[in-house]
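Visitor: Please take a close look at a single part of this model. I would like its pairing partners and cover described in one connected answer.

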Amino acid sequence: MLEVRHVTKRYGKTLAVDDVSFTLDPGSVTVLLGPNGAGKSTIMKSIIGFLKFDGEILVGGEENKTPQARRIIGYVPEIPALYPNLTVSEHMEFLARAYRLTDYSARKEALLARFELSEHSRKFGDELSKGMQQKLNLCLGLLPEPQVILLDEPMIGLDPHAIKELRSTIEELRVQGRTLLVSTHIIDSVDMLWDRTVIMQGGKVKANVLREELDAQNKSLEQLFFEVTEGLKPEDEAADKTEKTGEGAEV
Ligand code: ADP
């Protein structure tokens with residue numbers, strides 16, 4: 001559904017993404033993990049067509065900048081870009097018109113209710129708290145019902161209710177056959193249904209693993225993350241633990 005092929009992106013002298021390739025299967029959730037500065041946002045912005053890059057990105061078999069690809073892809077940026085003088089409701093209307101959506105009213109109301117924004121629908125963009133902005137950002141990304149959905153650090157700034165709703169929304173979208181790419185640097189925030197993880201560091205892909213593969217190795221996502229980003233092997237981890245706690249030390 002989404003193919004990232006040998007993508008390289010430089011900002012001046014900074015090599016932000018270095019020959020990155022991965023594929024997302026339809027109806028799957030992929031978590032893009034990596035420390036700050038790993039290149040996650042750069043890959044996201046390249047996929048959505050905000051950045052020029054070397055390499056190739058195909059969405060539904062079409063080059064990512066074609067109108068066909070753009071129609072089926074949705075993006076929820078890490079930092080919401082709202083209009084200070086449009087209300088919550090007007091933001092949704094504006095987006096619906098931009099995407100020429102029809103029959104969207106019920107979906108609009110359901111999304112606003114789900115993320116507890118119904119009672120704030122007349123508030124202007126600059127009257128919203130950070131969390132409310134983040135929730136509206138999500139509602140705007142989900143309103144057009146894209147086939148491929150990119151969520152950049154979506155849990156940041158959300159309250160527990162919204163995190164719970166977002167998790168169940170992600171699961172529902174997956175069941176509906178949508179393809180999701182969720183980036184985060186907080187491993188705990190993705191202890192939800194995920195099918196594949198792509199771990200990036202220093203602009204490179206350090207691991208690309210299916211959930212079944214990790215389960216078969218009896219390994220947690222956290223263990224894999226530290227193994228590939230800190231070069232820790234399970235035996236190093238055990239030694240590290242023994243040094244710190246004395247646990248497992250022979251007497
Ligand atoms: P992540 O999303 O994983 O935190 P980014 O993709 O934002 O990582 O950043 C990857 C690298 O690119 C970092 O070294 C960052 O400083 C650099 N970078 C990101 N955006 C810009 C920019 N607009 N101009 C210059 N360097 C940038």
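Guide: Val31 stands opposite Thr197 in strand 9. The model is predicted, with local features requiring pLDDT of at least 70 and side-chain atom pairs pLDDT 80 or more, while totals for chains, interfaces and linings use all residues. Residues are numbered from 1 along each chain as its sequence is written, and side-chain values use heavy atoms, leaving out hydrogens and water.

Strand 9 covers residues 196-201; strands here are DSSP runs of E with at least two residues, and helices are runs of H or I with at least four, numbered from the N terminus. Strand 3 (residues 29-33) pairs with strand 9 in the parallel sense, over 4 bridges. Pairing requires that DSSP finds at least two bridges between two strands.

Strand 9 is also joined to strand 10 (residues 204-210), by 6 bridges, and these two run antiparallel. Within that pairing, Thr197 stands opposite Val209 in strand 10.

As for cover, 5 of the 6 residues of strand 9 are buried, so the strand is mostly covered, where buried means under 20% relative accessible area, exposed over 50% and partly exposed in between, with a 1.4 Å probe and protein chains only.
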